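Student: Could you take me through this structure step by step? I have not seen it before.

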Amino acid sequence: MGLKNKPFSDQIAIVTGGGSGIGRAFSEALAFAGAKVVIASRRADVLRRAADEINAKLGGERVFPYEFDIRDPGKIEDLVTDVFSRWQSIDVLINNSGLAVPETVEEITDEGWDTVMETNLRGVMHLVRKVLPHMRANEFGDIVNVSSQAGKHGYADVPSYCASKFGLLGYAEALRDHVRKNGINVRVFNFCPGLVDVENPKADQVPRDGFIHVANMARTLMYALSLDRSVVLEDINIYAR
Ligand SMILES: NC(=O)c1ccc[n+]([C@@H]2O[C@H](COP(=O)([O-])OP(=O)(O)OC[C@H]3O[C@@H](n4cnc5c(N)ncnc54)[C@H](OP(=O)(O)O)[C@@H]3O)[C@@H](O)[C@H]2O)c1
């Protein structure tokens, strides 16, 4: 018997940080393909505006804002419980929320380090721990992690960010091994982008030198997700050439 598959129109996605930048481009692409997309982060106004704008373009309601802080395990629990009780499914989890605190090796503060680790790494672990059992029970799911070029190379200005993004790739690899060993129909993709121009996101805007247009992230996401269930595009290294 083949692995279970589902059209995007039957899928429910959670995109953390889906109100801005790369996450917003991902959310719009998923919603246009027919999925229902919960965009989750701290700024309610940013989320509301993104959802309203995308839904207006779609002519329907497929993007739903959800206020949460990924550093708060209680909020993660609420998010996953609320989405699952509304739709009985979570098919795509995009771990996109992230930030950098620019402190060099000699300047790093405990506070800066913890902020980066809790947002970029611990939050992902908490979300996956809550979401994976639903995907497992429903025999279907995709988990997409947004790491970075800084998850493969170290940069002096953002050591804590590099550590978190390297860590995210290690965690994702262990997750991939876990789903494989347990025969779970969940694919794990990682994006490792170079500079993405989130300040010029409109289709007709030209990205700054050395940056890629954010639309390339969304196109690559939809391509990766459209591959056969038995195929995983593991790490997606995507840069301006
Ligand atoms: N742009 C690039 O060049 C680039 C390159 C490589 C990797 N990345 C990665 O891509 C991801 C998206 O970044 P972006 O460039 O699109 O910038 P962005 O617009 O600043 O996106 C970051 C998102 O993370 C959310 N976030 C931050 N702290 C959070 C928290 N405590 N709880 C929940 N959400 C939180 C923010 O929403 P709120 O403020 O509303 O919480 C925001 O939507 C990040 O993981 C980043 O590291 C970006």
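Predicted model: local features only at pLDDT ≥ 70, side-chain atom pairs only at ≥ 80, totals over all residues.

Student: How many helices and strands are in the protein chain?

Tutor: The protein chain has six helices and nine strands. Helices (H or I, at least four residues) and strands (E, at least two) are DSSP runs, numbered from the N terminus.

Student: Let us move to strands. Which way do strand 1 and strand 2 pair?

Tutor: Strand 1 (residues 12-16) and strand 2 (residues 36-41) pair in the parallel sense over five bridges. Pairing requires that DSSP finds at least two bridges between two strands. Ile12 stands opposite Lys36 in strand 2.

Student: Why is strand 1 described as largely enclosed?

Tutor: Five of the five residues of strand 1 are buried, so the rest of the structure largely encloses this strand. Ile12, Ile14 and Thr16 point one way, Ala13 and Val15 point the other way, and all are buried. In a regular strand the side chains alternate between the two faces of the sheet.

Student: What does strand 2 do with strand 3?

Tutor: Strand 2 and strand 3 also pair in the parallel sense, over five bridges. Ala40 has Tyr66 in strand 3 as its bridge partner. Four of the five residues of strand 3 (residues 63-67) are buried, so this strand is largely enclosed by the rest of the structure.

Student: Which strand is joined to strand 5 by four bridges?

Tutor: That is strand 4 (residues 92-95), which runs parallel to strand 5. Val92 is opposite Asp142 in strand 5. Six of the six residues of strand 5 (residues 141-146) are buried.

Student: Now the core. Which residues have the most contacts inside the largest nonpolar core?

Tutor: They are Ala13, Ile14, Phe26, Val37, Val38, Ile39 and Met217, in a core of 57 residues. The largest share of this core, seven residues, comes from helix 4 (residues 110-138). A nonpolar core is a set of buried Ala, Val, Leu, Ile, Met, Phe, Trp, Tyr and Cys residues joined through C-beta atoms within 7 Å. In soluble globular proteins, nonpolar side chains tend to be buried together.

Student: What does Ala13 touch?

Tutor: Not counting residues up to four places away in sequence, Ala13 touches Leu30, Ala35, Val37, Val38, Asp91, Val92 and Ile94. Contact means that the C-beta atoms of two residues, placed from the backbone, lie within 7 Å.

Student: Changing topic: which residues come nearest the ligand?

Tutor: Among the 25 residues around the ligand, Gly17, Gly21, Ser41, Arg42 and Gly98 come nearest. A residue belongs to that group if its C-beta atom, placed from the backbone, lies within 6 Å of the molecule. Helix 1 (residues 21-32) gives the largest share of the shell, three residues.

Student: How does the shell divide by residue type?

Tutor: The shell has nine nonpolar, 12 polar and four charged residues. Ala, Val, Leu, Ile, Met, Phe, Trp, Tyr, Cys and Pro count as nonpolar, Asp, Glu, Lys and Arg as charged, and the others, Gly among them, as polar.

Student: Finally, where is Gln88?

Tutor: Gln88 is in the loop between helix 3 (73-87) and strand 4. Its phi is near 55°, a positive value in a residue other than glycine. Gln88 is exposed, with 10 other C-beta atoms within 10 Å.

Methods: Residues numbered from 1 in each chain as written. Buried ≥ 20, exposed ≤ 12 C-beta atoms within 10 Å, placed from the backbone.
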